[in-house]
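Biologist: I've just opened this model. Walk me through it, please.

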Amino acid sequence: MQAITEDASPRSEHKDSKRLVNRDKGEQIGTVNNVEKQSPGKLQKNIKHVVKNEAEGEASKQLDGRWKEAVDTEVKVSLKQLLQFERTGHVLVRQLVPEEAMEECAEEIWAAAREQELEAYRHRVAVLCPGVDASSVSNIEQALAVLAEHATDELGFLQMFNLHRYSRTVRELVTSPRLARVAADLLGASKVRLYQDCLFLKQPGFGATNWHSDLNMVPLDTNAFVTLWIPLRAMDEDDSGLLFASGSHRDFSLAYWQDLEGMEDLERREYLLEDHGALDLGDATCHHGWCLHYASPQPEDSDARAALSISYFADGARVLDTRHARRKPHDEDAWSFRGWRQALREGDLANHPLLPLVYPAALNDRKDVTKRKKTRR
Ligand SMILES: O=C(O)CCC(=O)C(=O)O
């Protein structure tokens, strides 16, 4: 069984990890990835294949705005979905973003992600190569060479954080009434804030995303945290979708009694492991912040898979006061939260322009924090 450990990268697969068997399907779902053996050229080729080039990105500026109307409308999740989320910690929401709208947004998400690609490689260097100064990495080939030589774990994914700060389209999507309302309903919260968005990119051959729960990496003292995970293309059964340990978000005794080593044996706890199968463009899976989840390696002979993962929390949460905490949050996502975290003290209300209130729509205080030219959608 794979481990939830306190090493450099909770989400990345460990070189010595055992393989995980999906007991429902009776098949092996984990594997050791060999991306470091791939040449930079191959990765670059793949990136060009899936990331829209600049010219195509430019075309996306001409979005006619219909997508925005679609996400400006609130939708409700059903009682059945609420019950499933409550019991299992995860739920599928079909057409969270209507397909046509998502098609338009995906173009712009790719364009924004392309601009953050080097930063994403630097982030992997910072997480996986302790002692290496990530800011000294000046191009992707160099990053791959550094990773090949120094990485303590496999390269399972790239993370492009907070694309809403670079793209108005992404900002309008992640702060939209449609997504914010679903987050509020799932959390049973009257007011909801955006925590972060993060594009998780897995090139063909990239390894697994290790079992983890999101709140383990969040410096907030809260239980009310949800992530909406929206792939940028339709996903078939072979693509690396999320697999969930159902009910793990309610397993209070796991984190209460067990230290990190004791949390390794998930199989003994007999969680039901569930995924949501093939997804159409615009479908999303939503998971609770304490729900353990995993993603298998992306097959070599596939297209890359990318998913925008958007996290929200119920307003009123405070920055974790670590004086009496059993442990500190993992800092794998520190690049995402350092802006607001440095401005707030432990115990403060998590109230900052970089954590905008997005629900209810009437109180939406999302500011235009985009760093791009305003003309860009
Ligand atoms: O997409 C992945 O591989 C991981 C995503 C994830 O862990 C999340 O969205 O919380």
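**Working through the model**

Biologist: Where is S248?
Modeller: S248 sits in the loop between β9 (242–246) and α10. Helices and strands here are DSSP runs, H or I over at least four residues for helices and E over at least two for strands, numbered from the N terminus. Residue numbers start from 1 along each chain as its sequence is written. This is a predicted model, so local features need pLDDT of at least 70 and side-chain atom pairs count only at pLDDT 80 or more, while totals for chains, interfaces and linings use all residues.

Biologist: Does S248 count as buried or exposed?
Modeller: S248 is buried, because it has 25 C-beta neighbours inside 10 Å. The cut-offs are 20 or more other C-beta atoms within 10 Å for buried, 12 or fewer for exposed, and partly exposed in between, with C-beta atoms placed from the backbone.

Biologist: Which residues is S248 in contact with, leaving aside its neighbours within four places in sequence?
Modeller: G89, L254, Y271, W290, C291 and L292. Contact means that the C-beta atoms, placed from the backbone, lie within 7 Å.

Biologist: And how many residues apart in sequence are S248 and S213?
Modeller: They are 35 residues apart in sequence, and 9.2 Å apart in space, C-alpha to C-alpha.

Biologist: Zoom out. How many helices and strands are in the protein chain?
Modeller: Eleven helices and 15 strands. The chain has 377 residues, of which 47% count as buried. Take the contacts between residues at least 6 apart in sequence: 83% of them join residues at least 24 apart.

Biologist: Now the ligand. Which residues surround it?
Modeller: R11, F157, F200, T209, D214, T227, W229, H293, A295, A307 and S309. The elements giving two or more residues to that shell are β8 (225–231), β12 (293–295) and β13 (305–314). A residue makes the shell if its C-beta atom, placed from the backbone, lies within 6 Å of the molecule.

Biologist: How do the shell residues divide into nonpolar, polar and charged?
Modeller: Five are nonpolar, four polar and two charged. Nonpolar covers Ala, Val, Leu, Ile, Met, Phe, Trp, Tyr, Cys and Pro; charged covers Asp, Glu, Lys and Arg; the others, Gly among them, are polar.

Biologist: Helix packing next. At what angle do α6 and α7 pack?
Modeller: About 15°, with the axes 9 Å apart. α6 is residues 117–128 and α7 is residues 140–150. Axes are lines fitted to C-alpha atoms over the stretch in contact, and angles run from 0 to 180 degrees between N-to-C directions. The two helices are therefore roughly parallel to each other, the word for angles under 35 degrees.

Biologist: Which residues of α6 and α7 meet?
Modeller: From α6, E117, L118, Y121, R122, R124, V125 and L128; from α7, I140, A143, V146 and L147. That contact divides into eight nonpolar, no polar and three charged residues.

Biologist: On phi, then, what is the value at N162?
Modeller: N162 has a positive phi of about 50°, and it is not a glycine. N162 lies in the loop between β4 (158–161) and α8 (168–174). N162 counts as buried because 25 other C-beta atoms lie within 10 Å.

Biologist: What about phi at E270?
Modeller: Positive too, about 60°, and E270 is not a glycine either. E270 is in the loop between α10 (252–257) and β10 (272–275). E270 counts as exposed, because it has 9 C-beta neighbours inside 10 Å.

Biologist: Last one. Where is R168 found?
Modeller: In helix α8. R168 is partly exposed, because 18 other C-beta atoms lie within 10 Å. R168 and E108 are 60 residues apart along the chain, and their C-alpha atoms are separated by 9.2 Å.

Notes. Angles under 35 degrees count as roughly parallel, over 145 as roughly antiparallel, 65 to 115 as roughly perpendicular and the rest as oblique. Two residues are in contact if their C-beta atoms, placed from the backbone, lie within 7 Å.
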